[in-house]
Amino acid sequence: MLQETGTEWLSQEVKTGTTIIAVEFDGGVVLGSDSRVSAGASVVNRVMNKLSPLHDKIYCALSGSAADAQTIAEVVHYQLDVHSIEIDEDPQVRSAATLVRNISYKYKEELSAHLIVAGWDRRDGGQVFATLSGLLTRQPFAVGGSGSSHVYGFVDAEFRGGMSKEECQQFVVNTLSLAINRDGSSGGVAYIVSIDEHGTEEKVVLGNDLPTFFDQ
Amino acid sequence: KMATLAVRQSPVGGFSFENCKRNAVLEGEANKVGYSLPAARKTGTTICGVVFKDGVILGADTRATEGMIVADKNCSKIHYISPNIYCCGAGTAADTEMTTQIISSNLELHALSTGRVPRVATANRMLKQMLFRYQGYIGAALVLGGVDCNGPHLYSIYPHGSTDKLPYVTMGSGSLAAMAVFEDRYKPDMEEEDAKRLVRDAIAAGIFNDLGSGSNIDLCVITKGKLDYIRPHDEANKKGVRTGDYKYKRGTTSVLTKSVTALNLEVVEETVLTMDTS
């Protein structure tokens, strides 16, 4: 059967499908994401790291339109760079989140990307901010992307305050694994970033090393 | 006062709709006299790139289509960006051609300004920022590859402005066929001949399994010291020589009679118009 144009891929926007999550613990944050980028029904990148650094100890998680999310992250990375030189110290997580929120709000009709900003600073320790649709709210944890709707029940039931860094990492990996299982637009590997006052640690969990649940 | 390299125009914010107005006017005028504007020529296409031990290899087919008709059987889809950076283009042929030329020009000015060999990441940034500014209306999907001071790099760039930095990429209507070949046989740190064979096979998969791709396979091998623009690397679809001939030999039909009548024409008038060759 002949396709009429064969160029659907040109007009189909590249989306990051996605499951992203960020969790705060006492002394830092843990961010997690899957790695699938899709254009229509085709996976164009199966190993994309959606945890993008905005500064040494501030990261953001990308979801939605790949171009919009990448551009916002790169613009804010640049703006934070200038800002941190101007104040001559490491920027606050709230400042980074505000910069992301300003772009998301001003161009909310034109853009379709959601970024979760999380990091550690000296003043307030570990913080997670959601910037959906241009709001700015600090939360103990945040999930986003198409896969997040499959795991709202899990995160609401399983999250506890006062978890340690290792418990947070396990929580993040479990959430990602469940979402990847149920959401067609999420898949690949899991990227985990842990930020605390001592530094930033990036980790990759390959597909077959992800935790399995009763039906696997 | 020192001379400034001020030829580059800094980009104005937002999408400029000036040409859209002009196009609408032209289309209206054309429709009034019964003509329709020609459809944009798309390159259908299979393009791909791979990072190997010493550098990158870019590959492309050579078919350009206008709807379901092949407009060009041997077009060149691997475009020059700088001596150490080349870019394959899929999508609207004019868009890929002009976009790569604009960025190539700006990159040359930038390199003169910095006094350094241009980096692939710079070309990537320039391309993605321009494509994002046009919100996907410039239908250029690119595979950008090159070798700079930080080693070999390969990027895929989508019309809306997102980019991916990967060891192997494919784009175009034949990208799924080419990616299947890569996912099966790619290995990190391949030798040049193995990598060339892999890219050739990936493009061949696109050519033979995708209607929008066809004809020959072009390759571009970029390494630190050397650049090889191999066009064509493989004439996979050379036009065959006919084995038979439909011409009948003289005498197949026997001649019964033959008569010749001369046409006696009279020259009535002769005028000579000289061409102005000055």
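**Close-up views of a predicted two-chain model**

**View 1. Surroundings of T45(B).** Leaving aside residues up to four places away in sequence, T45(B) is in contact (heavy atoms within 4.5 Å) with D61(B), K77(B), G89(B), A90(B), M171(B), G172(B), S173(B), G174(B), D210(B), G212(B) and S213(B). The model is predicted: local features need pLDDT of at least 70 and side-chain atom pairs pLDDT 80 or more, while totals for chains, interfaces and linings use all residues. Residues are numbered from 1 along each chain as its sequence is written, chains are lettered from A in the order in which they are written, and side-chain values use heavy atoms, without hydrogens and water.

**View 2. Position of T45(B) in chain B.** T45(B) sits in the loop between helix 1 (18-32) and strand 1 (47-51) of chain B; helices (H or I, at least four residues) and strands (E, at least two) are DSSP runs, numbered from the N terminus. Its relative accessible area is 0%, so T45(B) counts as buried (under 20%, 1.4 Å probe, protein chains only). An unreviewed UniProt entry lists T45(B) under "active site"; such annotations may be inferred rather than shown by experiment.

**View 3. The interface of chain A and chain B.** Chain A brings 24 residues to the contact and chain B 26 residues. The buried area (accessible area lost on being put together, 1.4 Å probe, summed over both parts) is about 1,900 Å², with 60% from carbon and sulfur atoms.

**View 4. A salt bridge between the chains.** R46(A) and E183(B) form a salt bridge at 2.5 Å, N to O. The two chains share three salt bridges (a side-chain nitrogen of Lys or Arg within 4 Å of a carboxyl oxygen of Asp or Glu).

Key:
Buried area = accessible area lost by both parts, 1.4 Å probe. Buried < 20%, exposed > 50% of the residue type's maximum accessible area, 1.4 Å probe, protein only.
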